[in-house]
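Please look through the structure below.

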Amino acid sequence: MTSRDDLDRYFATLLEPERFEDYGPNGLQIEGKREVAKLVSGVTASLALIEAAVDARADAIFVHHGLFWRGHAGPLTGWLKKRVALLMKHDISLFAYHLPLDDHPVHGNNAQLGAKLKFVIEDRFGKQRLGFIGRAPQPMTGAALAALLQFRLARAPVVAEGDGRMIKRIAWCTGGAQGYFEAAIAAGADAYLTGEISEPQAHIARETGVAFYACGHHATERYGAPAVAAQAAELFALEHQFIDIENPA
C-alpha cells in the first residue's frame with residue numbers, strides 16, 4: 001500500500017511530463033482516496049474500463065488516454081459526466097500520461113512495442129523525438145513483416161506497399177502518428193509502423209518506396225500503461241491488474 005500522493009510523485013518523476021508539448025494534462029486527473037492498495041491499468045479511461053476497475057476494487061487507475069484534451073469546452077455533461085461521476089462515486093484516482101508514456105525509453109509505448117516485436121532500437125526521430133528506429137533481428141520481406149505484426153499484435157495491419165525492397169531498417173511510433181511517416185523516411189527507414197493511416201500515406205509509400213503499416217491505434221498502445229503500472233506496483237507493494245478493453249480502432 002502507498003499514498004496517492006507518493007504514487008503521483010513517482011509517475012511524475014519517471015515520466016517527466018514537463019518536457020512535453022502535449023494535447024492535454026498529464027498526471028492526476030481525478031483525485032480519489034488517499035491510500036492506494038490496488039492499481040488498475042488500461043489504455044483509455046473509458047466507461048467500460050472504469051466499470052471494470054470498480055468491479056476489481058481498484059483504488060486508482062493508470063491510463064494512456066485520459067479524460068481531458070485540448071479544445072474541450074469544459075462542461076461535465078453526457079458521456080464525460082458518466083465517467084467522472086463513477087470515478088468520484090467510488091473514490092478512485094485517475095492518472096493519465098499521453099506523450100510522456102509514448103516516450104519513455106524502457107516502459108513507454110514505443111519501447112514496449114519494439115520489445116514485443118523484438119526490434120533493436122538504434123535511434124530516435126521526429127517531433128519531440130517520439131519516433132523510434134532500429135532493426136529486426138534479420139532483414140525480411142514486406143509480407144513477412146505483415147505476418148509478424150499480425151502474429152504479435154493479433155490484428156492484421158493495413159499495408160501501403162512500397163517498392164518491394166527487403167526491409168532492414170524499421171521506424172515506428174504508436175497510436176495516431178501517421179504524420180511521422182515523412183520523418184521516418186528521412187531517417188532512413190525501409191518501413192514505418194504506426195497505429196493509423198490517413199489518405200496521404202498510401203501515395204507517399206508508392207512514391208518513395210517505403211512501406212507503411214497501420215497496425216491499430218489501440219493495438220499498438222496496449223503495452224506502456226501496464227509496464228509503468230507494474231513497475232509502480234512492484235516498488236510500492238501494490239496489487240496490479242491490466243484490463244484490456246477491446247477497441248477496433
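Strand β11 (residues 191-194) runs parallel to strand β12 (residues 211-214), and the two pair over four bridges. Within this pairing, Thr 194 has Ala 214 of β12 as its bridge partner. The model is a predicted one.

These two strands belong to an open sheet of six strands, ordered β7-β8-β10-β11-β12-β9, in which the pairing is mixed. At its edges are β7 (120-125) and β9 (158-160), each of which pairs on one side only. On average, neighbouring strands of this sheet are turned by 25° against each other, with direction ignored. As background, strands of a sheet pair through backbone hydrogen bonds, and they do so either parallel or antiparallel.

## The five-stranded sheet

Another open sheet has five strands in the order β2-β6-β5-β4-β13, also with mixed pairing. Its edge strands are β2 (27-30) and β13 (239-242), and each pairs on one side only. From one strand to the next, the twist averages 30°.

Strand β4 (residues 38-44) pairs with strand β5 (residues 60-65) in the parallel sense, over five bridges. Here Leu 39 has Ala 60 in β5 as its bridge partner. Helix α2 packs on the sheet and touches both β4 and β5, and the direction of α2 makes about 165° with that of β4.

## Strand β6 and its neighbours

β6 pairs with β5 in the parallel sense over four bridges, while the pairing of β2 and β6 is antiparallel and has three bridges. Which residue of β6 stands opposite Ile 30? It is Leu 94. Ile 61 also stands opposite Leu 94 in β6.

In a regular strand the side chains alternate between the two faces of the sheet. Strand β6 (residues 93-96) is covered on both faces: Ser 93 and Phe 95 lie on one side, Leu 94 and Ala 96 on the other, and all are buried.

## Helices α2 and α3

Helix α2 (residues 47-55) and helix α3 (residues 78-89) have axes that come within 10 Å and cross at roughly 15°. Because of this angle, α2 counts as roughly parallel to α3. The crossing of the two helices is left-handed.

From α2, the residues making the contact are Leu 47, Ile 50, Glu 51 and Val 54; from α3, they are Lys 82, Arg 83, Leu 86 and Leu 87. Sorted by class, this contact has five nonpolar, no polar and three charged residues.

## Two buried residues

Ile 243 is found in the segment after β13. Its relative accessibility is 11%, so Ile 243 counts as buried, the cut-off being under 20%. Not counting residues up to four places away in sequence, Ile 243 touches Val 40, Ser 41, Gly 42, Leu 49, Ala 52 and Ala 53. How many residues apart in sequence are Ile 243 and Ser 46? They are 197 residues apart in sequence, and 11 Å apart in space from C-alpha to C-alpha.

Thr 2 is found in strand β1 (residues 2-3). With a relative accessibility of 6%, Thr 2 therefore counts as buried. Leaving aside neighbours within four places in sequence, Thr 2 is in contact with Leu 7, Arg 34, Glu 35, Val 36, Phe 236 and Leu 238.

Conventions:
Residues are numbered from 1 along each chain as its sequence is written. This is a predicted model: local features need pLDDT of at least 70, side-chain atom pairs count only at pLDDT 80 or more; totals for chains, interfaces and linings use all residues. Side-chain values use heavy atoms; hydrogens and water are left out. Axes are lines fitted to C-alpha atoms, for helices over the stretch in contact, and angles run from 0 to 180 degrees between N-to-C directions. Angles under 35 degrees count as roughly parallel, over 145 as roughly antiparallel, 65 to 115 as roughly perpendicular and the rest as oblique. A crossing is left-handed if the near helix is turned anticlockwise from the far one by less than a right angle, and right-handed if clockwise. Contact means heavy atoms within 4.5 Å. Ala, Val, Leu, Ile, Met, Phe, Trp, Tyr, Cys and Pro count as nonpolar, Asp, Glu, Lys and Arg as charged, and the others, Gly among them, as polar. Two strands pair if DSSP finds at least two bridges between them. Buried means under 20% relative accessible area, exposed over 50%, partly exposed in between (1.4 Å probe, protein chains only).
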